[in-house]
Amino acid sequence: MADFDYDLFVIGGGSGGVRSARVAAAGGARVALAEDSRLGGTCVIRGCVPKKLMVFASEYREIFADARAYGWDLEDGDFDWARFSGQLNRELDRLEGVYRGLLEGSKVEIYDQRARLADAHTVRLADGSTRTAKHILIATGGRPQRPDMPNAHLGMVSDDLFQMQRLPKSMLIVGGGYIACEFACILNGLGVEVTQFYRGAQILRGFDEEARGLISDQMQERGVNLHLGTNIVEMAAADAEHLSVPSEEGMGLPSSDTPPPPEGRGDGPVWVKASNGMEQVFDAVLFATGRTPNTHDMGLEEAGVEIGRRGEIVVDDFSQTAVPSIYAIGDVTNRVNLTPVAIREGMAFVETVFKGNPTPVDHDLIPSAVFTQPEFGTVGLTEEEARDREPVEIYCTSFRPMRTAFAGRADRVLMKLVVSKKTRVVLGCHIVAPNAGEMIQLAGIAVKMGATKEDFDRTVAVHPTMAEELVTMRTPVRTA
């Protein structure tokens with residue numbers, strides 16, 4: 001190892017890259033890390049953390065009415081974006097400082113600049129200098145993608161939302177995946193008039209159909225103007241002619257006191273023509289139509305690293321690329337694009353390379369949450385996936401939860417178990433409810449352990465809770 005500057009050079013300072021660097025350094029390896037943006041990566045700076053704080057902020061709007069129903073004498077408040085975003089940026093600065101402190105405390109050398117491959121053991125930094133390493137780990141993550149259409153630059157992507165100087169009065173969100181749906185709920189909760197276009201028949205493709213249907217209904221009940229089977233066919237900066245276009249279905253156009261658009265976009269509102277014939281002007285448009293791995297202009301193919309058809313780095317079960325000295329983890333590999341998975345992949349990489357313990361990455365039965373309103377927690381197979389594999393029983397219940405029913409809200413929750421007829425193992429668990437993310441983390445342990453339906457049945461219910469339904473459903477609602 002003395003022939004190289006470092007034992008490990010990590011390209012990318014997100015959660016997976018930072019964890020890998022720290023753990024390798026803790027074991028005595030000489031480690032360096034390069035990041036050309038902010039330490040913390042997508043999750044801490046442009047994704048999970050700021051998004052979840054926005055979720056919290058958006059949920060307060062309904063609390064005022066709920067509190068009155070419970071006897072509290074208070075008035076509705078106004079949301080101050082400037083105050084919130086200032087506090088948000090201070091928190092992100094703090095977290096970035098924590099990440100830097102952890103790396104420095106682990107004696108990882110940090111290069112605050114872009115790095116790309118020069119060869120199998122060499123990285124070239126933006127300042128023109130080179131560094132060599134016995135092993136190179138690429139953890140550069142992914143980025144949001146704009147659609148290939150005229151004037152797409154007039155729309156924002158998810159990264160831009162956290163930099164808005166002010167909230168728009170109206171916004172069109174294009175997309176039906178979890179990012180689109182989460183931000184539709186968030187912005188609706190903050191008082192923005194939200195319209196959402198999705199070209200498919202139902203939002204949240206790939207998730208359990210019954211759960212996604214309930215979430216779609218609840219989003220519309222809360223005020224999101226969802227148009228399914230709809231896409232943009234044309235968009236342009238709105239001018240006087242566009243501003244005279246009559247509104248569709250009473251949705252209205254921006255008023256004369258509409259504030260300027262968020263920074264980083266065009267000079268005014270955006271006119272949109274939809275595939276269903278609708279024409280409307282929005283203060284802002286958000287494209288949430290997919291993400292792409294950060295592999296462009298990194299010298300990967302020149303070094304012999306294989307790139308897949310979607311731009312991802314192709315790796316084996318041990319995160320090793322076609323070049324033995326180069327590994328990759330996280331979203332740049334486009335396997336399971338979740339922060340905890342990137343961290344797990346990083347830990348497995350260190351076990352394999354630096355601890356002599358070959359450890360494949362386990363991507364089976366990963367619990368996850370979608371922070372819509374209501375939240376969606378899921379682990380294992382959907383009903384549709386399971387019934388295509390083997391005969392199953394479906395245990396499911398949907399009801400109005402006590403807390404919001406008392407306040408007069410029409411909210412509904414869903415608890416669902418997908419069970420193998422033959423083995424009785426719970427193949428999937430799906431929860432649509434407030435705090436479903438908290439619940440699915442615990443249910444995920446049982447599902448990962450291979451618990452049977454009878455194991456769930458033997459567990460005494462915690463009453464009165466929503467989650468008790470997971471252990472009190474005795475009769476399947478259908479078999480497949």
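Predicted model: local features only at pLDDT ≥ 70, side-chain atom pairs only at ≥ 80, totals over all residues.
I began with Pro-374, which I found in the loop between strand S17 (368–370) and strand S18 (376–380), where helices (H or I, at least four residues) and strands (E, at least two) are DSSP runs numbered from the N terminus.

Residues are numbered from 1 along each chain as its sequence is written, and side-chain values use heavy atoms, with hydrogens and water left out.

I then looked up His-463 and Pro-464, which are joined by a cis peptide bond with omega of about -5°; Pro-464 lies in the loop between helix H15 (453–458) and strand S22 (478–479).

Asn-151 has a phi of about 65° and sits in the loop between strand S7 (142–144) and helix H6 (158–161). I record Asn-151 as partly exposed because its relative accessibility is 31%, given that buried means under 20% relative accessible area, exposed over 50% and partly exposed in between (1.4 Å probe, protein chains only). Leu-365 has a phi near 55°, lies in the loop between H11 and S17, and at 23% relative accessibility also counts as partly exposed.

I turned to helix H1 (residues 15–26), whose 12 residues reach 16 Å from first C-alpha to last, close to the 16 Å expected at 1.5 Å a residue, the expected span being 1.5 Å times one less than the number of residues. Of the 12 residues of H1, 9 are buried, so the helix is largely enclosed by the rest of the structure; among them are Val-18, Ala-21 and Val-23. The cover of these buried residues includes strand S1 (6–11), helix H5 (81–105) and helix H11 (339–354), with contact meaning heavy atoms within 4.5 Å. After H1 comes Gly-28, with a positive phi near 105°.

Last, I took the chain as a whole. I count 15 helices and 22 strands, and buried residues make up 50% of the 480 residues. Of the contacts with a separation of 6 or more, 65% join residues 24 or more positions apart.
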